[in-house]
Amino acid sequence: DLFSRIEDPAAALTALRAELMGRNDLPSWTAASTQPVFGEGPLGAALMFIGEQPGDEEDLAGRPFVGPAGRLFDRAATEAGIDRSAAYVTNAVKHFKFKPTGRRRLHQSPDAGDITYYRPFLKREIELVAPGLVVSLGATALRALTGKPLAITRVRGEVIEAPEGFRIFPTVHPSYLLRLPDPAGKEREYARFVADLAAAREMAE
Ligand code: URA
C-alpha cells in the first residue's frame with residue numbers, strides 16, 4: 001500500500017523528532033516555550049487526531065491534549081466509543097505560542113507562516129503513523145493539511161481526500177466548545193462534536 005515502503009516507521013518517527021529538536025531556524029517565538037510537544041499513540045492507529053498547538057499545560061507536560069481542551073476531548077471521545085490510547089493524537093504546530101501577561105501565558109493563534117513551517121513535520125508524521133482516518137480539530141489543523149483556509153462550518157463531517165492519499169474528517173476544536181457562552185448552545189454543540197467523533201470512528205473501522 002501507500003506506506004509500505006517505509007521500513008521502520010517507529011525509528012523514522014524518532015528521527016523526525018530529533019530533526020525538529022535540532023533545527024536552528026525555528027520561529028523565534030518558540031524560544032519562550034518549554035519544549036516541543038510531539039504526537040503520541042500507536043503507529044497504524046485507525047484514528048489520528050490533529051489539534052492546533054500545545055497549550056499551557058501541554059507545554060509543561062510535554063504531551064498533547066492534557067489541559068482543559070484535552071479533558072473535554074477525552075470525555076467526548078469516550079462517549080463516542082473511542083479509546084484514546086488506541087488513537088494517535090498530535091498537533092499541527094509543535095510549540096506553544098503565547099503572550100506573557102502577568103503570571104498567565106495567553107494563547108496566541110499560530111499564523112500562516114507558523115503553519116507552513118511545521119507542515120512538513122506534520123505530513124511526515126501522518127505518513128509514518130499511516131492512520132485509517134485523519135480527524136482535524138479546528139481551522140488550524142485543516143489549514144495545515146489542505147493548505148487552504150477552509151471554513152469548518154462548510155466542510156464539517158465531509159471527508160476530504162488529501163493529495164498525499166490520506167482521508168481528512170474535519171470537525172471543530174474542543175476549545176471552541178469551551179468558549180461557547182450559552183449553556184444550552186454548549187450542550188448542543190458538544191453533542192454534535194460527540195456525533196462527529198462517532199461518525200469518524202465508524203468511518204475508520
Ligand atoms: N489545544 C490543541 O490544539 N492541542 C493541544 O494539545 C491542547 C490544546
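How many bridges join β1 to strand β2? Four bridges do, and the two strands run parallel. The structure is a predicted model.

- Strand β1 spans residues 47-51, and five of its five residues are buried, so β1 is largely enclosed by the rest of the structure.
- Both faces of β1 are covered. One side carries L47, F49 and G51, and the other carries M48 and I50, all of them buried.
- Strand β2 (residues 88-91) is a parallel partner of β1, and in this pairing M48 stands opposite Y88.
- Strand β5 (residues 133-137) also runs parallel to β1 and is joined to it by four bridges.
- Within β5, V135 is the bridge partner of F49.

**Largest pocket**

- The volume of the largest pocket is about 710 Å³.
- Its lining consists of 30 residues. Those that lie nearest the centre are A69, H107, H173, S175 and R179.
- Two or more lining residues come from each of α2 (56-61), α3 (68-79), β4 (104-107), α5 (139-146) and α7 (174-179).
- Sorted by class, the lining has 13 nonpolar, 10 polar and seven charged residues.

**Salt bridges**

- Side chains of opposite charge can pair when their charged atoms come close.
- The model has 18 salt bridges.
- D114 and K97 form one of them, with the closest N and O atoms 2.7 Å apart. This pair links distant parts of the chain: D114 belongs to helix α4 (residues 112-129) and K97 to the loop between β2 and β3 (98-101), 17 residues apart.
- D114 counts as buried because its relative accessibility is 5%, under the 20% limit. K97 also counts as buried, at 12% relative accessibility.
- Another salt bridge joins E164 to K123, where the closest N and O atoms are 2.8 Å apart. E164 lies in the loop between β6 (160-161) and β7 (167-171), while K123 is in helix α4, so the pair ties together parts that are 41 residues apart in sequence.
- In this pair, E164 counts as partly exposed at 36% relative accessibility, whereas K123 counts as buried at 18%.
- R23 pairs with E19, and here the closest N and O atoms are 3.9 Å apart. R23 is partly exposed at 29% relative accessibility, and E19 is partly exposed at 43%.
- A network of salt bridges links E40, R63, D74 and R84.

- Most residues other than glycine have a negative phi.
- F65 is not a glycine, yet has a positive phi of about 50 degrees. F65 is placed in the loop between α2 and α3.
- With a relative accessibility of 5%, F65 counts as buried.
- A130, likewise not a glycine, has a positive phi of about 50 degrees. The loop between α4 and β5 holds A130.
- A130 is partly exposed, and its relative accessible area is 22%.

Definitions and conventions: Residues are numbered from 1 along each chain as its sequence is written. This is a predicted model: local features need pLDDT of at least 70, side-chain atom pairs count only at pLDDT 80 or more; totals for chains, interfaces and linings use all residues. Side-chain values use heavy atoms; hydrogens and water are left out. On a 1 Å grid over the protein atoms alone, a cavity is a set of points where a 1.4 Å probe fits but cannot get out, and a pocket is an open set with protein on both sides within 12 Å along at least five of seven lines; lining residues have an atom within 4 Å of a point. Grid points are joined across faces, edges and corners, and a volume is the space filled by probe spheres set on the points. Ala, Val, Leu, Ile, Met, Phe, Trp, Tyr, Cys and Pro count as nonpolar, Asp, Glu, Lys and Arg as charged, and the others, Gly among them, as polar. Buried means under 20% relative accessible area, exposed over 50%, partly exposed in between (1.4 Å probe, protein chains only). Two strands pair if DSSP finds at least two bridges between them. A salt bridge is a side-chain nitrogen of Lys or Arg within 4 Å of a carboxyl oxygen of Asp or Glu.
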